[in-house]
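Here is a brisk report on one protein chain and its ligand.

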Amino acid sequence: MRAGLAGYSRSGKTSLFNALTGLRRGPEAKLHLGAIKVPDPRLDRLSAIFKPKKTTPAEVVLADLPGPRSKGASLEAEALQALREVDALCLVLRAFEADGEPRRDLRDYDAELIVSDLAAAEKRIHRLRQERNSGGEMAELTRVTTHLESGAPLRTLTMSDAEETALAHFGFLSRKPMLVVVNVAETEAAKPLSLELTVAARALGAEAIPLSAEVEAEIAELPAAEQPDYLASLGLSEPARAVFLRAVYALLKQISFFTVGEDEVRAWTIRRGDRAARAAGKIHSDLEKSFVRAEVVHYDDFIIAGNEHRARETGRLRLEGKDYVVQDGDILQIRAGRAK
Ligand SMILES: Nc1nc2c(ncn2[C@@H]2O[C@H](COP(=O)(O)OP(=O)(O)OP(=O)(O)O)[C@@H](O)[C@H]2O)c(=O)[nH]1
Ligand SMILES: [Mg+2]
């Protein structure tokens, strides 16, 4: 899963990127990539029980996207390409200083996405007209342009599955799930986001969270033992990393499942609603095809049982087929046959 930090220059993208990934990228405006390890207390507990050689948390790939050169400049080809490649667009807004105008930036940036989508849709319509092809995508594209011309992003357009599929190859940017990250001053970090911004984001089909990139950077520098006190002194109960990741998971409807054993205890990420065979394919692509069944025990049931043996004995561990819908917190063991 890849999340991209987008936004105008000096909004704090690179500061946040560095704080979340632990990397130290400079201020040059180019694409940076890093990974955030997803903290999960359930994984820690499983690791304490199995004492594996290796414990592997789930990861979110974070991209620090080059922004438009300046306000008013449109997004350049490189920036557009980088935006196309992310699953979630996290729009960072400068709100940590009095000169920040997060609401205007939100509206302006979203308008950039709309303009870029409108150009793509119109280009295609033009092509279809030249080819005298009024079938195909024409009906969907006409709906899309009407919506975009009204100034609204495609996030707010209701589409049927068929429409969604027909238009998927365009990779419309204003259709991408968007999280608005309001980079607020240190003194605001523990306060709920202003109603005005929350409402503005919702109207664009986006979710919004406040955080302070500066606070997050300071936390990342502290030894783990000192972090809780520092957070408490600011009125925070958890680091922004946790809030950010939870919001991205919710936005992309992602859930976690686990695999356990003496060698490795590991957390994996899949989409809510994904079936067991798909989950197996995450672990190893061959496993999706050779899948026979999965032994499943939910994390909570496993903890109640205390160990695998008792989980089996008390019927908490079950056998499921390839169409079983994996639940957040399931511990899976895939039984595979010979690859077909
Ligand atoms: N006080 C304060 N300053 C911040 C915060 N976040 C970023 N800054 C400062 O704002 C300036 C710009 O931050 P960057 O992280 O480089 O911004 P950017 O969005 O990556 O900018 P570009 O790479 O030019 O697009 C730097 O001087 C940061 O130190 C914050 O949360 N609080
Ligand atoms: Mg930067």
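The text below describes the model shown above.

**Basis.** This is a predicted model, in which local features need pLDDT of at least 70, side-chain atom pairs count only at pLDDT 80 or more, and totals for chains, interfaces and linings use all residues. Residues are numbered from 1 along each chain as its sequence is written, chains are lettered from A and ligands numbered from 1 in the order in which they are written, and side-chain values use heavy atoms, with hydrogens and water left out.

**Overall layout.** The chain has 14 helices and twelve strands. Helices (H or I, at least four residues) and strands (E, at least two) are DSSP runs, numbered from the N terminus. Along the principal axes, the C-alpha atoms fill a box of roughly 65 × 60 × 35 Å. The chain has 340 residues, and 46% of them are buried. Buried means under 20% relative accessible area, exposed over 50%, and partly exposed in between (1.4 Å probe, protein chains only).

**Ligand site.** Ligand 1 sits in the second largest pocket. A pocket is defined on a 1 Å grid over the protein atoms alone, as an open set of points with protein on both sides within 12 Å along at least five of seven lines. A molecule sits in one if more than half of its atoms lie within 2 Å of its grid points. Two elements give two or more residues to the shell around ligand 1: α1 (13–21) and α8 (213–221). The largest share, three residues, comes from α1.

There are 14 residues around ligand 1, and S9, R10, K13, T14 and S15 come nearest. A residue counts as near if one of its heavy atoms lies within 4 Å. The shell divides into four nonpolar, seven polar and three charged residues. Here Ala, Val, Leu, Ile, Met, Phe, Trp, Tyr, Cys and Pro count as nonpolar, Asp, Glu, Lys and Arg as charged, and the others, Gly among them, as polar.

Polar contacts are pairs of N or O atoms within 3.5 Å; within protein, one must be able to donate a hydrogen and the other to accept it, and residues adjacent in sequence count only if both atoms are side-chain atoms.

| Residue | Protein atom | Distance |
|---|---|---|
| K13 | polar side-chain atom | 2.8 Å |
| E214 | backbone N or O atom | 3.1 Å |
| S11 | polar backbone atom | 3.2 Å |

On its own, ligand 1 has 650 Å² of accessible area, and the protein covers 72% of it. Such areas come from the Shrake-Rupley method with a 1.4 Å probe.

**Helix α1.** Eight of the nine residues of α1 are buried, so this helix is largely enclosed by the rest of the structure. K13 and T14 are among the buried ones, including also L16 and F17. G22 follows α1 and has a positive phi, near 80°.

Most residues other than glycine have a negative phi. R10 has a positive phi of about 65°. R10 is in the loop between β1 (2–6) and α1, and is exposed at 58% relative accessibility. K253 has a positive phi of about 55°. K253 lies between α10 (240–251) and β8 (254–259), and is partly exposed at 46%.

**The α5–α6 loop.** L154 is in the loop between α5 (138–149) and α6 (161–167). L154 is buried, at 0% relative accessible area. R155 is also found in the loop between α5 and α6. R155 counts as buried, at 13% relative accessibility. The R155 side chain makes a polar contact with the side chain of D110, at 2.7 Å.

Note on methods
1 Å grid on protein atoms, 1.4 Å probe; cavity = no way out; pocket = protein on both sides within 12 Å on 5 of 7 lines; lining within 4 Å.
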